[in-house]
Amino acid sequence: MNCGKFFAAIFFALIFTLNAATVPLRAEPFQDPATTIPLPNNQPPTVLSEWNSTNSGLNPGYTVQQMQNPRPVPPGDVLPNVTATAAVVMEASTGHVIYSRNPNKKMFPASTTKMVTLIMALENGKPEEIVTVGKNAFGVEGSTLFLETGDKIPLKELLTGMIMHSGNDAAVAVAEHVDGNIKKFAERMTRRARELGAVNSQFTNPHGLPDTNHVTTAYDLALLAAHGFTLENFEEIVSAQEKTYQWIHDPAKKLRSENQMLWLYRGGNGVKTGYTDAAGRCLVSSAKRDGIQLVAVVLDSYFMWNDSIALLDYGFANVSSEKIIQGGKVIKNLPVVSGHKKTMPIKTAGDITVPIFKNSDDYQIEYDLPNFLSAPIKKGESVGKVRVILDGKEVATTDLIATENDTQKSFFKMLWENLKKLFGL
């Protein structure tokens, strides 16, 4: 081993050691490391109270100090001690914003960018594809997975490592694998983000290293995270706490997530941390409870863990779930043409449970069914849809299915029946 690789191995081992020290393995009091950063006028942070599992969404055994916000906030802000310059908490299935502060302010996203890189890779690649690490990925500045040129890694594993350990080298390798170069990949990121409604975002790289033209908003990141949860493998990747991969150039072969919300918060299942001097502390976090998936975003935060806990607590306090469609319920009898039965009962295939928000419009339920059914008909066959609409957006759907079998009548039987009707027999 040459000297460069030796010192790299030592540095990598040190990072693993520090990570192990900062990410809880078991329930224990948690002190936010962000409290060490300078506050305005170098004032020490003021502790207001303590969160625990009885007054917050924290997992049992964890406690977190709530800090006073040293920054001014807009009048009427219901979460004045959230320290982030911009923040959003959104219910993912509907896109409904429960709380926001400066949601459309264009800001630097730092490594939360890698969440968008993950989405692009999942939409344009296959998990089992082998990524060959190119020379441009080797030695990228900032956080790293210490990849080497020529490494061959399954795409899903590389994406997981990228999210867990914020590897800038992995982000470059993914971009080159999908589009051949960073420029084309970044153009894809921007184009796709805007298609999804994130119209104030522009990306120039896949990792989030500083660039004056690389910007997004808290709302855009929440919207993109919500879309991510609709993709196969997204939740599995962003919620991973520990992984062991043989391609890691370290004897331990292990990765541990930098996202402490996965341990701290009940139902925590994502997403991505970020930090640069220009961006400040950034975090896209998420949690799922009772079928409700929330996404919280903080940009330029003094205490990003505390802010995220406060946002998710507020979100869950202001949303509940309700079953509005019960599976197996007959909703209509449809006439049957050319069958032995005159009518066919139609029932819902499954339940639909939706989030219910305070001070929000009601859901609309639309039944998409034909005027009649034509035999042959198979029991369980989908013949229509139930669609649930909120604010003009379809947020949930389930099939409407036939409850019985029915075969088609023979030609001569149908002819005879029509003749009887014609002559009044």
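Student: In this predicted model, which residues does aspartate 351 touch, leaving out residues up to four places away in sequence?
Tutor: Start with its place: aspartate 351 sits in the loop between strand S14 (343-348) and strand S15 (352-357). Setting aside residues up to four places away in sequence, its contacts are Lys323, Ile325, Gln326 and Gly327.

Student: How far apart in space are aspartate 351 and isoleucine 325, C-alpha to C-alpha?
Tutor: Isoleucine 325 is one of the residues that aspartate 351 touches. In sequence the two are 26 residues apart. In space, C-alpha to C-alpha, the separation is 5.3 Å.

Student: Is aspartate 351 buried, partly exposed or exposed?
Tutor: Its relative accessible area is 44%. Buried means under 20%, and exposed means over 50%. The value falls in between, so aspartate 351 is partly exposed.

Student: Is histidine 96 buried or exposed?
Tutor: Histidine 96 lies in strand S4 (residues 96-101). Not counting residues up to four places away in sequence, it touches Val89, Met90, Glu91, Phe357 and Ser360. Its relative accessible area is 19%, and the cut-off is under 20%, so histidine 96 is buried.

Student: What is the strand order of the open sheet that holds S4?
Tutor: This sheet has five strands, and the pairing is antiparallel. Its edge strands, S4 and strand S9 (268-276), each pair on one side only. The twist averages 10 degrees from one strand to the next. The order is S4-S3-S11-S10-S9.

Student: Which residue of S4 is the bridge partner of alanine 87?
Tutor: Strand S3 (residues 86-91) is joined to S4 by five bridges, and the two run antiparallel. In S4, alanine 87 has as its bridge partner arginine 101.

Student: Which helix packs on this sheet?
Tutor: The helix touches S3, S4, S9, S10 and S11. Its direction makes about 145 degrees with that of S11. The helix spans residues 304-317 and is H9.

Student: How many residues of strand S11 are buried?
Tutor: S11 covers residues 292-301. S3 runs antiparallel to S11 and is joined to it by six bridges, with valine 88 partnered by valine 297. S10 (residues 280-289) also pairs with S11 in the antiparallel sense, over eight bridges. S11 is largely enclosed by the rest of the structure, because its buried residues number nine of the 10.

Student: Which residue takes a positive phi in the hairpin of S10 and S11?
Tutor: Lysine 288 has glutamine 293 as its bridge partner in S11. Two residues lie between the strands of the hairpin. The residue with positive phi, near 50 degrees, is aspartate 290.

Student: Is H2 roughly parallel or antiparallel to H3?
Tutor: The axes of helix H2 (residues 113-124) and helix H3 (residues 155-165) come within 10 Å and cross at roughly 170 degrees. Over 145 degrees counts as roughly antiparallel. So H2 is, relative to H3, roughly antiparallel.

Student: How many nonpolar, polar and charged residues make the contact of H2 with H3?
Tutor: H2 contributes Lys114, Met115, Thr117, Leu118, Ala121 and Leu122. H3 contributes Leu155, Leu159, Met162 and Ile163. By class, that is eight nonpolar, one polar and one charged.

Student: How is H2 oriented to H5?
Tutor: The axes of H2 and H5 come within 10 Å and cross at roughly 90 degrees. The range from 65 to 115 counts as roughly perpendicular. So H2 is, relative to H5, roughly perpendicular.

Student: Which residues of H5 make the contact with H2?
Tutor: From H2 come Thr113, Val116, Thr117, Met120, Glu123 and Asn124. The residues of this contact divide into four nonpolar, three polar and three charged. On the H5 side they are Phe185, Arg188, Met189 and Arg192.

Student: How far apart are the end C-alpha atoms of helix H4?
Tutor: H4 has 12 residues, 168-179. At 1.5 Å a residue, it should span 16 Å. The actual value agrees with that: 17 Å.

Student: What covers the buried residues of H4?
Tutor: H4 is largely enclosed by the rest of the structure, because 11 of its 12 residues are buried. Among them are Asn168, Asp169, Glu176 and Asp179. The cover includes H2, strand S5 (130-132), H3 and helix H5 (182-195).

Student: Which residue follows H4?
Tutor: Its phi is positive, near 90 degrees. The residue is glycine 180.

Note on methods: Residues numbered from 1 in each chain as written. Predicted model: local features only at pLDDT ≥ 70, side-chain atom pairs only at ≥ 80, totals over all residues. Heavy atoms only, no water. Helix = DSSP H or I, 4+ residues; strand = E, 2+ residues; numbered from the N terminus. Buried < 20%, exposed > 50% of the residue type's maximum accessible area, 1.4 Å probe, protein only. Contact = heavy atoms within 4.5 Å. Pairing = 2+ DSSP bridges. Axes fitted to C-alpha atoms, helices over the stretch in contact; angles between N-to-C directions. Parallel < 35°, antiparallel > 145°, perpendicular 65-115°, else oblique. Nonpolar A, V, L, I, M, F, W, Y, C, P; charged D, E, K, R; others polar. Expected span 1.5 Å × (residues − 1).
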